[in-house]
Amino acid sequence: MDATFFFDPACPWTWRTSRWLVAVADARGLRLEWRAFSLAILNEGNVAPQFAEAITASSRALRLVEALRADGRHDDVARFYAEVGARSHDAGNPLSPKIVAAAVEAADLQEAAPALDDDRWDDAVRESHALAYASAGPDVGSPVLMLPGAERGVHGPILTEVPTDDALTIWDSLLPLIRMPAFHELKRARH
């Protein structure tokens, strides 16, 4: 793989970054690996009630993500996440079990759907989350981007919108920073 993208499907910031990364991958012929980063694990015991349904739906979706990844089905993960994001973030709806179920059907992954409710995949989600957190943490959230040969991953980039004209410029600027062991953080407040 040319890049590994750890994501939580409930996060709208992560969704924007994923759409940017997909555009970059298409333009540059990159192969993407999709992995779980769990906001439920990150915020264990501290999830605000208004986010509880989205976090629960996300946890179920991440089981499917890791089940598909275990079978090397990265394109299926990408298709599933695209369907989740279109129904949730693009449509302005919080993630829900109904959205996850509709995304499974739209991505034609019904045969893999039992993983959604199979808690045996929770260990794989925890392992994926731990890998991302160890790579880019502490004090990071979703998404985390890792590149082969780089000592550490990075949280982000966090994008306020999906770039079009600047998509490759962001990628080309980010690559040397990710690979530079001395680089730590670049940040500005969101509006």
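Leaving aside neighbours within four places in sequence, which residues is Leu 174 in contact with? Contact here means heavy atoms within 4.5 Å, and on that criterion Leu 174 is in contact with Trp 20, Leu 145 and Pro 157.

## Basis of the model

This is a predicted model, in which local features need pLDDT of at least 70 and side-chain atom pairs count only at pLDDT 80 or more, whereas totals for chains, interfaces and linings use all residues. Residues are numbered from 1 along each chain as its sequence is written, and side-chain values use heavy atoms, with hydrogens and water left out.

## The sheet

Helices (H or I, at least four residues) and strands (E, at least two) are DSSP runs numbered from the N terminus, and two strands pair if DSSP finds at least two bridges between them. On these terms, 4 strands form an open sheet with mixed pairing, in the order β2-β1-β3-β4. Because β2 (32-36) and β4 (154-155) each have a single partner strand, they stand at the edges, and one side of each is left without a neighbour in the sheet.

Strand β1 (residues 3-7) runs antiparallel to β3 (residues 144-146), to which 3 bridges join it; within this pairing, Thr 4 has Met 146 as its bridge partner. With β2, by contrast, β1 pairs in the parallel sense over 5 bridges, and Ala 3 stands opposite Leu 32. Burial is defined by relative accessible area (buried under 20%, exposed over 50%, partly exposed in between, with a 1.4 Å probe and protein chains only), and by this definition 5 of the 5 residues of β1 are buried. Ala 3, Phe 5 and Phe 7 point one way from the strand, while Thr 4 and Phe 6 point the other way.

## Helices around the sheet

Helix α1 (residues 12-28) has 17 residues and reaches 24 Å from its first C-alpha to its last, close to the 24 Å expected at 1.5 Å a residue, where the expected span is 1.5 Å times one less than the number of residues. Among its buried residues are Trp 15, Trp 20, Leu 21 and Val 24, and what covers the buried residues of α1 includes β1, β2, α4, β3 and α7. Just after α1, Gly 29 takes a positive phi of about 65 degrees.

Helix α4 (residues 74-90) lies across β1 and β2 and runs at about 65 degrees to β2; axes are lines fitted to C-alpha atoms, for helices over the stretch in contact, and angles run from 0 to 180 degrees between N-to-C directions.

Leu 174 counts as buried because its relative accessibility is 13%, whereas Asp 172 counts as partly exposed at 37%. The C-alpha atoms of Leu 174 and Val 154, 20 residues apart along the chain, are separated by 9.7 Å; for Asp 172 and Val 24, which are 148 residues apart along the chain, the C-alpha separation is 9.7 Å.

## The largest pocket

A pocket is an open set of points on a 1 Å grid over the protein atoms alone, where a 1.4 Å probe fits and with protein on both sides within 12 Å along at least five of seven lines; lining residues have an atom within 4 Å of a point. Grid points are joined across faces, edges and corners, and a volume is the space filled by probe spheres set on the points.

The largest pocket has a volume of about 1400 Å³, and of the 39 residues that line it, the closest to its centre are His 155, Pro 157, Ile 158, Leu 186 and Lys 187. The elements α1, β4 and α7 each supply at least two residues of the lining, with the largest share, 6 residues, coming from α7.

## Backbone features in the loops

Most residues other than glycine have a negative phi, and most peptide bonds are trans. A cis peptide bond joins Gly 137 and Pro 138, with omega of about 5 degrees, and Pro 138 is found in the loop between α6 (122-136) and β3. A cis peptide bond also joins Gly 156 and Pro 157, again with omega of about 5 degrees; Pro 157 is found in the loop between β4 and α7.

Asp 139 lies in the loop between α6 and β3, has a positive phi near 65 degrees, and is exposed with a relative accessible area of 73%. Asp 108, in the loop between α5 (97-106) and α6, has a positive phi of about 55 degrees although it is not a glycine, and counts as exposed at 56% relative accessibility.
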